[in-house]
Amino acid sequence: MFGTKEHLRAEGGHLLIDGVDVVEIAEEFGTPLYVTSEERLRENVRRYREAFPDAWIFFAVKANGNLALLRVLAEEGMGADVFSAGELSLVRMAGMPMEKILFNGNSKRTEELELAVEAGVRVSADSKDELLALSEVACEMGEEAEVAFRVNPDVSAKTHPKIATGLKTAKFGIPWQEIVDVYKTAMSLDGVRPVGLHCHIGSQILETSPFVEAMAKMMDLAEKVVEIGGKIEMMDFGGGLGIAYTPETKAPTPADLASGILPVFKAGCQKLGISPRMILEPGRSIVADTTLFLTKVNVVKRAHVNFVGVDAGFNLLARPMLYDAYHHAVVANKADGAPEEKYTIVGPICESGDILAKDRTLPKVERGDIVAMLDAGAYGFSMASVYNGQPRCPEVLVNDGRGELIRRGEDRSVFLSGQIVPPRLLK
Ligand code: LLP
């Protein structure tokens, strides 16, 4: 019923995650609620480690910044791709080794460069300008920063335009034609030590061919860098592996990715006589399918279509609104009920676009039912906001047959936090 999602099943009419009744979890912790399977999370990392035994696997923290999950990932040996000072502090707290961190970003503040240098993490420079800034910062601090270069390989990732990052029209990376020149500059600068190349071509990619194309381009560039006497100690190929959001989708596995890119990598390294560390930066394929997003039905309205009004909207799960993304919906307390009618599931936010799922055929839906949105672990909570006076919800981790709270829900004090009303307005 749930394809390759072995952590999910229906029993006695209820949806279960790792054998734990989702309806009971909703009762215990309330809704809306994010619920994650720890076992599935660990398995997802292990699948990468088996497919890429020699690589370092860095988690893209933007996909999910929950500290308990980051602790699990650290235990499983992962490092991290961080995109800001905030994300760096999270992975430091999670105990990830600084050696296994890459500080990414296309527009870093001086303070962020300082922080990266102070922490001793490698920086991926997204432009020549940033390389010069990093050199300046490191020299002032009397340090030497290891720097890699984000390559824009001009490769089509065949994905949603908002999450394609490797085309020449994207804001990310140094155009591949300029990489050798930038590397040369870095080799002559104080305060920086160029150590390798980095790329990330996009997200939710469902074919391996774009990865292979990018890998071939990266190996060509490595050759040019070696020709000018540059050292290539690491090569980071980013994240991007897609997952099966719809029951019909077939997504490539880490093993499929490995059989596509490893031969090109190994042949390239052998030809050049180099042995750089391979790094990957998956986010979605590590964490998306581990997590359910639970909401409760407030109203069913038979109008132009059958609207199901639930207690969470795009403030808590923005992907359907932002990218027309599909998340499979299951009525958790009628999980093996026969599909009866078509429904459109909407949130409580004051915008017509606040739709979580469109035209889904479900068992008869009623007030009080629990709707589970599947595959919500990546870019779910991490993109949540408090728009429209809706506080962010709690998160729960399922382990060993029970749920544990791993983030408290916010209360209304979040709306007052940091606000200042000048005394003159209080008269
Ligand atoms: N590395 C870099 C430099 C990235 O920019 C990203 C994602 C990743 C790794 C991880 O990619 P993944 O394995 O998760 O595809 N909010 C969008 C996705 C934005 C992705 C941004 N960069 C969504 O919900 O689909």
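A: P32 sits in the loop between α1 (22–29) and β4 (33–37). Helices (H or I, at least four residues) and strands (E, at least two) are DSSP runs, numbered from the N terminus. The peptide bond that joins T31 to P32 is cis, with omega at about -10°.

The model is predicted, so local features need pLDDT of at least 70 and side-chain atom pairs count only at pLDDT 80 or more, while totals for chains, interfaces and linings use all residues. Residues are numbered from 1 along each chain as its sequence is written, and side-chain values use heavy atoms, with hydrogens and water left out.

Next come the salt bridges. The whole structure holds 26 of them. Each is a side-chain nitrogen of Lys or Arg within 4 Å of a carboxyl oxygen of Asp or Glu. One joins R40 to E6, with the closest N and O atoms 2.7 Å apart. R40 belongs to helix α2 (residues 38–51), while E6 is in the segment before β1 (8–11). The two are 34 residues apart, so this pair links distant parts of the chain. R40 is buried at 5% relative accessibility, whereas E6 is exposed at 58%. Here buried means under 20% relative accessible area, exposed means over 50%, and partly exposed lies in between (1.4 Å probe, protein chains only).

Helix α2 also holds E43 and R47. Four residues separate them, about one turn of the helix. Their side chains form a salt bridge at 4.0 Å, N to O. E43 is partly exposed at 29% relative accessible area. R47 is partly exposed too, at 32%.

R46 reaches elsewhere. Its partner in a salt bridge is E76, and their closest N and O atoms are 2.8 Å apart. R46 is in helix α2 and E76 in the loop between α3 (67–75) and β6 (79–82), so the pair ties together parts that are 30 residues apart in sequence. R46 is partly exposed, with a relative accessible area of 40%. E76 is buried, at 10%. Salt bridges with shared partners also make one network of E6, R40, E43, R47 and D289.

Now the aromatic rings. A search of the whole structure gives seven aromatic pairs. Rings of Phe, Tyr and Trp (its six-membered ring) pair if their centres lie within 6.5 Å; planes under 30 degrees apart count as stacked, over 60 as edge-to-face and the rest as tilted. F237 and F265 are edge-to-face, with 5.8 Å centre to centre and 85° between the planes. F237 is in the loop between β12 (234–236) and α9 (254–272), and F265 is in helix α9. They are 28 residues apart, and the pair links distant parts of the chain. F237 is buried at 7% relative accessibility. F265 is buried as well, at 8%.

F314 and Y387 make a tilted pair, because their planes meet at 45°, with ring centres 5.8 Å apart. F314 is in the loop between β15 (306–310) and α11 (319–323), and Y387 is in the loop between β19 (370–373) and β20 (395–399), so the pair ties together parts that are 73 residues apart in sequence. F314 is buried, at 14%. Y387 is partly exposed, at 36%. Elsewhere, Y34, F293 and F381 make up one aromatic cluster.

The backbone has some points to notice. N388 lies in the loop between β19 and β20. N388 has a positive phi of about 65°, although it is not a glycine. N388 is partly exposed, at 36% relative accessibility. D359 is not a glycine either, yet its phi is positive, at about 50°. D359 lies in strand β18 (residues 355–362) and is partly exposed, at 44%.

Last comes the surface. E114, E118, E136, E140 and E143 gather there in a patch of negative charge. Residues in such a patch have over 30% relative accessible area and no salt bridge, and like charges are joined within 9 Å. Helices α5 (110–119) and α6 (128–140) each give the negative patch at least two residues. E118 is in helix α5. E118 is exposed, with a relative accessible area of 54%.

Definitions and conventions:
Patches are made of residues with over 30% relative accessible area and no salt bridge: like charges are joined within 9 Å, nonpolar side chains (Val, Leu, Ile, Met, Phe, Trp, Tyr) within 5 Å. Accessible areas come from the Shrake-Rupley method with a 1.4 Å probe; for residues, only the protein chains shown count as cover. Lys and Arg count as positive and Asp and Glu as negative; His and the chain ends are not counted. The place of a charge is taken as NZ of Lys, CZ of Arg, CG of Asp or CD of Glu.
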